[in-house]
Amino acid sequence: MPFVNIIKVHNKENRDYFNLHNVHACPTIFFYKNGEKVGEHLGSMPVSDFDKYFEKYLY
């Protein structure tokens with residue numbers, strides 16, 4: 001299984017970060033692979049769907 005970093009950024013304390021990355025919804029999930037953004041998801045989702053969605057970016 002690949003190593004994965006998950007980082008939570010609070011929008012009230014990090015407005016500059018949210019503006020820089022054009023985040024307009026919470027939660028927003030960015031997927032990076034080898035330093036490049038390969039996908040994103042806006043809004044919530046059930047854990048069962050998250051596993052399937054997340055897996056496509058691991059390999």
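Reply: Start with the whole. Residues 24 or more positions apart make 22% of the protein's contacts with a separation of 6 or more (contact: heavy atoms within 4.5 Å). This is a predicted model: local features need pLDDT of at least 70, side-chain atom pairs pLDDT 80 or more, while totals for chains, interfaces and linings use all residues. Numbering runs from 1 along each chain as its sequence is written, and side-chain values use heavy atoms, without hydrogens or water.

The protein reads α-β-β-α along the sequence, with 2 helices and 2 strands (DSSP runs numbered from the N terminus: helices H or I, at least four residues; strands E, at least two). Its C-alpha trace spans about 35 × 25 × 15 Å along the principal axes.

Now the patch. Ile7, Val9, Tyr17 and Tyr32 form it, with about 390 Å² of accessible area together (Shrake-Rupley, 1.4 Å probe, only the protein chains shown as cover for residues).

Val9 lies in the segment before helix 1 (15-20). Val9 counts as partly exposed because its relative accessibility is 31% (buried is under 20%, exposed over 50%, partly exposed in between).

Tyr32 faces Lys37 in strand 2. Strand 1 (28-33) and strand 2 (36-42) pair antiparallel over 6 bridges (pairing needs at least two DSSP bridges). The two strands form a hairpin with 2 residues between them, and Asn34 in the turn has a positive phi of about 55°.

Notes: Patch = residues over 30% accessible without salt bridge, like charges linked within 9 Å, V, L, I, M, F, W, Y side chains within 5 Å. Salt bridge = Lys/Arg side-chain N within 4 Å of Asp/Glu carboxyl O. Buried < 20%, exposed > 50% of the residue type's maximum accessible area, 1.4 Å probe, protein only.
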